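Please look at the sequence and the model together, and keep both in view while reading the report that follows.

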Amino acid sequence: LVMTVQYAINARGLPSRARLRRWAHAALERDARLTVRIVGTGEARTLNRHFRGTNRPTNVLTFVMRKRPRLEGDIALCAPVIAREARARHRSAAAHYAHLVVHGVLHLQGYDHETERQARLMERRESRVVARLGFPDPHG
């Protein structure tokens, strides 16, 4: 794993580069080059509007740049949305970040949740990886 971490905002409670790397590595099934960027609501809204046609910030966005020979992609994590969701779900920020990093890395590898079957498969994989990392089941 070759991973770059970018902090586009300065906020309390952001995970360290080492933690982000560990969480991403736990979900990887093959070699990859990733950039993980922690953003604010403005950048998240712009990315979501430009790439998904939705004019609101979202917790995580995944961009696959290359699938072969080595997986390459970017993951944008929106710190204010993640903090708000963690509070609303009575989870630690670390647990929610870990889940969303795993979620983004699985998307990079082709997992999706467009159909019920795809969602079940992806959620099972997320739950296993997050449990191995020592966090509660995000789907439980």
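A residue is called buried when its relative accessible area is under 20%, exposed when that value is over 50%, and partly exposed in between. The model discussed here is a predicted one.

**The strands around β4**

How many of the eight residues of strand β4 are buried? In this strand, which covers residues 71–78, seven of the eight residues are buried, so β4 is largely enclosed by the rest of the structure. Two other strands pair with β4, and each can be described in turn. Strand β2, residues 32–39, is joined to β4 by eight bridges, and these two strands run parallel; within this pairing, Val 36 stands opposite Ile 75 of β4. Strand β3, by contrast, runs antiparallel to β4 and is joined to it by six bridges. The strands β3 and β4 form a hairpin, with four residues lying between them.

Helix α4 has 16 residues and reaches 22 Å from its first C-alpha to its last, which is close to the 22 Å expected at 1.5 Å a residue. This helix is mostly covered, with 15 of its 16 residues buried. Just after α4 comes Gly 110, which takes a positive phi of about 100°.

Is Gly 53, a residue with 65% relative accessibility, buried or exposed? Gly 53 sits in the loop between α2 and β3, and because its relative accessibility is 65%, it counts as exposed. Although Gly 53 and Leu 71 are 18 residues apart in sequence, the distance between them in space is 25 Å, C-alpha to C-alpha.

Rolling a probe the size of a water molecule over the atoms shows where empty space is left.

| Pocket | Volume | Lining residues by class |
|---|---|---|
| Largest pocket | about 350 Å³ | five nonpolar, six polar, four charged |
| Second largest pocket | about 190 Å³ | four nonpolar, six polar, four charged |

The largest pocket, with its volume of about 350 Å³, is lined by 15 residues, and those closest to its centre are Arg 52, Val 60, Leu 61, Thr 62 and His 107. The elements that give two or more residues to this lining are α2 (41–52), β3 (60–66) and α4 (93–108). Among the contributors to the lining of the largest pocket, β3 gives the most, with four residues.

Which residues lie nearest the centre of the second largest pocket? Of the 14 residues that line the second largest pocket, His 99, Leu 100, His 103, Glu 126 and His 139 lie nearest its centre. The helices α4 and α5 (116–132) each supply at least two residues of this lining.

How values were computed. Residues numbered from 1 in each chain as written. Predicted model: local features only at pLDDT ≥ 70, side-chain atom pairs only at ≥ 80, totals over all residues. Heavy atoms only, no water. 1 Å grid on protein atoms, 1.4 Å probe; cavity = no way out; pocket = protein on both sides within 12 Å on 5 of 7 lines; lining within 4 Å. Points joined across faces, edges and corners; volume = space filled by probe spheres on them. Nonpolar A, V, L, I, M, F, W, Y, C, P; charged D, E, K, R; others polar. Buried < 20%, exposed > 50% of the residue type's maximum accessible area, 1.4 Å probe, protein only. Pairing = 2+ DSSP bridges. Expected span 1.5 Å × (residues − 1).
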